[in-house]
Amino acid sequence: MLLRVCPSSFFNLRPLHLFSFSATTTAKFPFCPSLRREFRLSPSFRSSSIRRMESTPASSSSSPVNDSAADSLAKDLQNQSLGGVDEGGMVIRKLEDFNWDHSFVKELPGDPRTDVMSREVLHACYTKVSPSVEVDDPQLVAWSESVAELLDLDPKEFERPDFPLLLSGAKPLPGGMSYAQCYGGHQFGMWAGQLGDGRAITLGEVLNSKGERWELQLKGAGRTPYSRFADGLAVLRSSIREFLCSESMHFLGIPTTRALCLLTTGQDVTRDMFYDGNAKEEPGAIVCRVSQSFLRFGSYQIHASRGKEDLDIVRKLADYAIRHHFPHIESMDRSDSLSFKTGDEDDSVVDLTSNKYAAWIVEIAERTATLVARWQGVGFTHGVLNTDNMSILGQTIDYGPFGFLDAFDPSYTPNTTDLPGRRYCFANQPDIGLWNIAQFVKTLAVAQLINEKEANYAMERYGERFMDDYQAIMSKKLGLSKYNKELISKLLNNMAVDKVDYTNFFRLLSTVEANPDTPEKELLKPLKAVLLDIGKERKEAWIKWMRSYIQEVGGGEISDEERKAKMDSVNPKYILRNYLCQSAIDAAEQGDFSEVNNLIRLMKRPYEDQPGMEKYARLPPAWAYRPGVCMLSCSS
């Protein structure tokens, strides 16, 4: 099958209004205001769906659908016999009582070697390795009780003297079967070959009392065969950022991996933060990450890249993912009528019920599109959207040099490595999501799991789902009853020109009264705290926009109070700004973790006012824009 890739790195899927700057804008980044979807595996088709498949949330996985009734009953009885029951009737377990399953290791080909010598690992999805990090009085410094609840873990377990030893990997966790995953990936648009879990070691899979599967993974637990020339360790600053952001994203309502706990190792780790030859010793740490799966696009790419001999592994991995994480796809049949016309020809119908792999990639494309649309809604920039950092579950994964927008700047990238081309800047994320989906589609096509029409349809669904979700999100942020492209385009243009704080602006916008008789001098008062240092010309531009906005929302049937409540429910007051992270890191490196825990509590209710916490919603101080705070490298 011949796969023709568009010569452009990007596919111009970005919303038009992110790039429609006026002549007065100071933005230096070149944007292309096009919505063409240029990537094709074959000549362009028009997509007119007969019926669309609704994707199931990533949190809905269950045990395999082909278990017999007897097996299911046996599992239920086993679940009930392990651990205790709290006063609310919830199953609670000690670490020793975890219901381990280890399907990944049991059902997929593994590396026959178990040493950690850096090497190319062929014909295998994983290597069995044990954590090797050296610890000296490790300490538990932060934990998530909501993640513990997912695992049926008794919160009292966090108080165990040996908990830091067990969750750092220094002491084997009873029942675990640890391994490092093999995967590859495109990094900054270039194929990088084998990558893999270089400092993350999965302890195994736990089945909770609801039958949900959760993988426990230690990041910073030591070397693996995929570590290359690195030490397999992690430092406190990056571990704090990952712990806080994964939990913050969850409470913002954005699909993400989770974090059970954060521990210090008591050992220092040498790191060169800016790759400038100025290495220094930093405190070592480990994060216990939790997800229903850590499979990435690159988990499949690596095997497709190695030729015919490994193509069957792509199929096995796809079957595994569908069986355990997309079981509803296996239960589809032709009576579901999931057929879609993609062109004018008689044979241009894609029937998702006739090929489970086609249905699977379409759902992954839609989940990914929804994820990126939600990022854009809250101003989140991932920073390293390589294909090895893309989850098949449509979750945010691998928190490195991420950043939330402060002043609205579509060209913002939090990654110093990304500065030359800003490939992964905020505005490019929708296009990069499609580019990454295209690489995944190509992988499945090479393995002959999908054909050209199915590949094209998956990419079209990404574009359609992204635009549908993005428009809905932006309409809700402004309190609009329907999407108004011109109004939103002019707003984001004004915000970019005047560098308006993204989060605080939308929070304040909800306080605007939809009164068309508001005097001109009163129009901008609700936004005074974010419209700083604007001259007469810019003030007139904002007044003109405000008039249009009031006219648009004033025609609705809801009151100002109702509109404010709805807008506040989608516009967070608190986000994990980089400077807040850095303040917590600075204190933690001196042994004070109080600010880490303050942020954990704060980020659990990002949409609420939380009296007494207003300082965390303030505009960033001047020092927040220095390197190492607003922008970081991949070093951790």
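Helix α9 is mostly covered, with 21 of its 23 residues buried; buried means under 20% relative accessible area, exposed over 50% and partly exposed in between, for a 1.4 Å probe and protein chains only. The model is predicted, so local features need pLDDT of at least 70 and side-chain atom pairs count only at pLDDT 80 or more, while totals for chains, interfaces and linings use all residues. Residues are numbered from 1 along each chain as its sequence is written, and side-chain values use heavy atoms, with hydrogens and water left out.

**Helix α9 and its ends**

α9 covers residues 356-378 and reaches 33 Å from its first C-alpha to its last, close to the 33 Å expected at 1.5 Å a residue. That expected span is 1.5 Å times one less than the number of residues. Helices (H or I, at least four residues) and strands (E, at least two) are DSSP runs, numbered from the N terminus. Just after the helix, G379 has a positive phi of about 80°.

**Nonpolar cores**

The largest nonpolar core has 131 residues, and α9 gives the most to this core, with 14 residues. A nonpolar core is a set of buried Ala, Val, Leu, Ile, Met, Phe, Trp, Tyr and Cys residues joined through side-chain atoms within 4.5 Å. Residues with the most contacts inside the largest core include W360, M495 and Y549. Leaving aside residues up to four places away in sequence, M495 touches F408, V500, D501, Y502, F505, F506 and W542; contact means heavy atoms within 4.5 Å. A second, separate core of 34 residues includes A180, W214, L260 and C261.

**The five-stranded sheet**

An open sheet is formed by five strands in the order β5-β11-β12-β10-β9, with antiparallel pairing. Because β5 (139-143) and β9 (200-207) stand at the edges with a single partner strand each, one side of each is left without a neighbour in the sheet. From one strand to the next, the twist averages 25°. Two strands pair if DSSP finds at least two bridges between them. The table gives two pairings of this sheet.

| Strands | Bridges | Residues paired |
|---|---|---|
| β5 and β11 | four bridges | Q139 and T264 |

β9 is mostly covered, as eight of its eight residues are buried. β9 and β10 form a hairpin with five residues between them, and G211 in the turn has a positive phi of about 85°. Helix α5 (residues 236-252) lies across β5, β10, β11 and β12, running at about 165° to β11. For such angles, axes are lines fitted to C-alpha atoms, for helices over the stretch in contact, and angles run from 0 to 180 degrees between N-to-C directions.

**A loop residue and the whole chain**

E159 lies in the loop between α3 (145-150) and α4 (163-168). E159 counts as exposed because its relative accessibility is 64%. Its C-alpha atom is 9.1 Å from that of L140, 19 residues apart along the chain. The chain holds 17 helices and 16 strands, and buried residues make up 58% of its 636 residues. Among contacts between residues at least 6 apart in sequence, 74% join residues at least 24 apart.
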